[in-house]
Amino acid sequence: MKNGVVFIYRSRLRIGFAMPNPEIKNSIVKYLSNEATVEDLNQLSHWIIQDGNDRIFEEFVKLHYETMTAMNNPDVDKIKKKLLREIK
């Protein structure tokens, strides 16, 4: 799973998205995890309105959504097969 996330992230970087500074990345993570303070949100808002940063933010949000979806939707068939093997 982690390798898949890294691959998605790296492939997006190749299409021209620059990495935000660590402070902005931290604010984005806090925003996505519903832990952002008013200060974080203000900083993020000011950063997003700068040219091109809205696209970078959008890519972070998409990546977060894909990651959470993958983590919350396990392969049920694989789990069933494993359980059946363990039961036998």
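A salt bridge here is a side-chain nitrogen of Lys or Arg within 4 Å of a carboxyl oxygen of Asp or Glu. A search of the whole structure finds three salt bridges. The structure is a predicted model, in which local features need pLDDT of at least 70 and side-chain atom pairs count only at pLDDT 80 or more, while totals for chains, interfaces and linings use all residues. Residues are numbered from 1 along each chain as its sequence is written, and side-chain values use heavy atoms, with hydrogens and water left out.

**Terms for location and burial**

- Helices (H or I, at least four residues) and strands (E, at least two) are DSSP runs, numbered from the N terminus.
- Buried means under 20% relative accessible area, exposed means over 50%, and partly exposed lies in between (1.4 Å probe, protein chains only).
- Contact means heavy atoms within 4.5 Å.

- Asp40 pairs with Lys30 in a salt bridge, with 3.4 Å between the closest N and O atoms.
- Asp40 belongs to helix 3 and Lys30 to helix 2 (residues 22-32), so the pair ties together parts that are ten residues apart in sequence.
- Asp40 counts as buried because its relative accessibility is 8%, whereas Lys30, at 26%, counts as partly exposed.
- Helix 3, which holds Asp40, covers residues 38-48.
- Neighbours within four places in sequence aside, Asp40 is in contact with Ser27, Lys30 and Glu35.

- Glu58 and Lys62 form a salt bridge through their side chains, at 3.2 Å from N to O.
- These two residues, Glu58 and Lys62, are four residues apart in helix 4 (residues 53-72), so about one helical turn separates them.
- Lys62 also forms a salt bridge with Glu59, at 3.9 Å from N to O.
- Lys62 and Glu59 are three residues apart in helix 4, again about one turn of the helix.
- Through shared partners, the salt bridges join Glu58, Glu59 and Lys62 into one network.
- An α-helix has 3.6 residues a turn, so residues three or four places apart point the same way.
- Glu58 counts as partly exposed at 42% relative accessibility, as does Lys62 at 37%, whereas Glu59 counts as buried at 14%.

- Ile24, Ser27, Ile28 and Leu32 are the buried residues of helix 2.
- Viewed down the axis of helix 2, these buried residues fall within an arc of 135°, so they line one face of the helix.
- That arc is taken from the directions from the helix axis to the C-beta atoms.
- The buried residues of helix 2 pack against helix 3 and helix 4.
- Pro22 and Glu23 are exposed on the other side of helix 2.
- Asn21 caps the N-terminal end of helix 2, with a side-chain oxygen 2.9 Å from the backbone nitrogen of Glu23.

**The loop between helix 2 and helix 3**

- Asn34 lies in this loop, between helix 2 and helix 3, and counts as exposed at 74% relative accessibility.
- The phi of Asn34 is near 55°, a positive value in a residue other than glycine.
- Most residues other than glycine have a negative phi.
- Glu35 is in the loop between helix 2 and helix 3 and counts as exposed at 57% relative accessibility.
- With neighbours within four places in sequence left aside, Glu35 is in contact with Lys30 and Asp40, the two residues that form a salt bridge with each other.

**A nonpolar surface patch**

- Tyr31, Leu41 and Val61 form a nonpolar patch on the surface, with about 220 Å² of accessible area together.
- Patches are made of residues with over 30% relative accessible area and no salt bridge, where like charges are joined within 9 Å and nonpolar side chains (Val, Leu, Ile, Met, Phe, Trp, Tyr) within 5 Å.
- Accessible areas come from the Shrake-Rupley method with a 1.4 Å probe, and for residues only the protein chains shown count as cover.
- Leu41 is in helix 3 and is partly exposed, at a relative accessible area of 36%.

Methods:
Polar contact = N/O pair within 3.5 Å; in protein donor to acceptor, adjacent residues only side chain to side chain.
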